[in-house]
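Here are some questions and answers to read alongside a structure. Keep the view open as you go.

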Amino acid sequence: MQIRKRKFATLCTLGITLVMGIYLGSSGLSLTSWVRAASPTKALAKHDVYYPGTEDLGPDEMRVVACGTGMPNSRPKQAAACFLVELGNGDKFIFDIGSGSAERLSAMKIPYDYLDKVFIGHLHSDHFGALADLWIGGVIGNRIKPLRVWGPSGHKPEFGTAYAMEHMQKVFTWDSGSRQGNVDIRGQVLEVTEFDYKGINQVIYQENGVTIRSIPAIHALDGPVSFILEWNGLKFAYSSDTYPNKWWLKYATGADIAIHECFASPKTLVEKQKWTPGAALNVGTQVHTSPAQFGKVMSLTKPRIAVAYHFFNDFDTLPEQLAQVRQTYDGPLSMATDYMVWNITKNDIRVRMASIDEDIWPQPAVGKKLPPDRSTRIGFSEFVLSGREPFPEVVQKIYDDINAEYGTTYKVPTD
Ligand SMILES: [Zn+2]
Ligand SMILES: [Zn+2]
């Protein structure tokens, strides 16, 4: 038995050696040379992805970034309505700033001083719910310029943008007061321009070769508007929310990029949003524009590219949404989702997705920050001050370390 075992073991060893020898002898060298050839050290020449902050914008180029494309309830995949327009002359404009969109704007790695112009189509929270985040977060994020806001009037003053902005500032009275005397608060100034919602193709902005016009929109109540931006022979049209209307058909015709609401289809509203068929039909086709109505609008206005937004863009709902659009429109189309990017020139439209660095920090201020005027601080009551535990042996070291690191001479405050 032992001999047999030994013979068996020897045979096995020989067999393995033989097999390995054949393997190494016949393919080992060629394998090595293949690996060397397939491992370049240079970056790929071209990406089909937009990495924010890594591309120059051409002097004749417009870049549009979807920073919110979803429904009124924002979700991780899609914030509510927000589109960023960047122009080759350096100007940047934000159209709507719906709930959840401020973080998408931050992901573009643009200094907050340049994210200073916001155009609000109407005062639903899914179109301006993140304004306070940009307004206040922008101050902390190094904005030292005022934030400028344009928005429509309403059928009564309290339904207008000026009223909303005045009261938004009141809501944040404690927040604003807390910064006074502690940081440079020049970026906390809000400059509001309210314009007539009934204006038809009225100019509401004209600077630096850029003209922005408003047209009335039809949605929920009097007040909503759509916007048309023209610059350098390029035309951008943005509906915000609207039922199909004659003003859009007339003034948005021939846009280079036309972004129009395309609400979740009535069938999807029943099956996924859990609405009754009656609510789905009313909201989906009368308050909003359904996909088939969207397609009809685009067939009549013929943009170089049509962009549908205001629906949850998922693997299981997109086919139905797209099929509805294609019943009435067969032209160039993007079914938008967050971080979709359009680069537009007179000769070309390139559509990509952005790839986002989630570890975002703010860019520096464009100008020099002013030290806070501590005399303007509201400060604490004696009651709260009496509860402070200043830990001088800990805090003095923090000051010493920072002063040593940066060559400064800050002293621990005693007031
Ligand atoms: Zn709305
Ligand atoms: Zn909306």
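Q: In this predicted model, which class supplies six residues to the lining of the second largest pocket?
A: This predicted model has a second largest pocket lined by T173, W174, G177, S178, Q180, N182, R377, I378, G379 and F380. Glycine counts as polar in this scheme, so G177 and G379 join that class. By class, the lining has three nonpolar residues, one charged residue and six that are polar.

Q: How much space lies in that second largest pocket?
A: Its lining includes W174, R377 and F380. The space in this second largest pocket comes to about 250 Å³.

Q: Which helix gives the largest share of the lining of the largest pocket?
A: The largest pocket has a volume of about 400 Å³. Of its 16 lining residues, R388, V412, P413, T414 and D415 are the closest to its centre. By class, the lining has eight nonpolar, three polar and five charged residues. The largest share, four residues, comes from residues 392-406, helix α13.

Q: Is the arrangement of donor atoms around the zinc ion (ligand 1) tetrahedral or irregular?
A: The protein donors are H122 (NE2), H124 (ND1), H219 (NE2) and D241 (OD), lying 2.1 to 2.4 Å from the zinc ion (ligand 1). A tetrahedral site needs all angles between 85 and 135 degrees. Here the four donor atoms subtend angles of 92 to 167°, so the arrangement is irregular.

Q: Which residue bridges the zinc ion (ligand 1) and the zinc ion (ligand 2)?
A: Along the chain, the donors of the zinc ion (ligand 1) follow the spacing H-x1-H-x94-H-x21-D. The two zinc ions, ligand 1 and ligand 2, lie 3.4 Å apart. The residue bridging them is D241.

Q: Is H124 buried, partly exposed or exposed?
A: Buried means under 20% relative accessible area, and exposed means over 50%. H122, with 3%, is therefore buried. H124 has 34% relative accessibility, so H124 is partly exposed.

Q: How many of the ten residues of helix α4 are buried?
A: Helix α4 spans residues 131-140 and is mostly covered. Its buried residues are L131, A132, L134, W135, I136, G138 and V139. An α-helix has 3.6 residues a turn, so residues three or four places apart point the same way. The number of buried residues in α4 is seven.

Q: Which residue just after α4 takes a positive phi?
A: Helix α4 covers residues 131-140. Just after α4, a positive phi of about 85° is taken by N142.

Notes:
Residues numbered from 1 in each chain as written. Chains lettered and ligands numbered in written order. Predicted model: local features only at pLDDT ≥ 70, side-chain atom pairs only at ≥ 80, totals over all residues. Heavy atoms only, no water. 1 Å grid on protein atoms, 1.4 Å probe; cavity = no way out; pocket = protein on both sides within 12 Å on 5 of 7 lines; lining within 4 Å. Points joined across faces, edges and corners; volume = space filled by probe spheres on them. Helix = DSSP H or I, 4+ residues; strand = E, 2+ residues; numbered from the N terminus. Donors = N, O, S within 2.8 Å, 3.2 Å for Na, K, Ca; no water. Tetrahedral: all angles 85-135°; square planar, octahedral: opposite > 155°, others 65-115°. Buried < 20%, exposed > 50% of the residue type's maximum accessible area, 1.4 Å probe, protein only.
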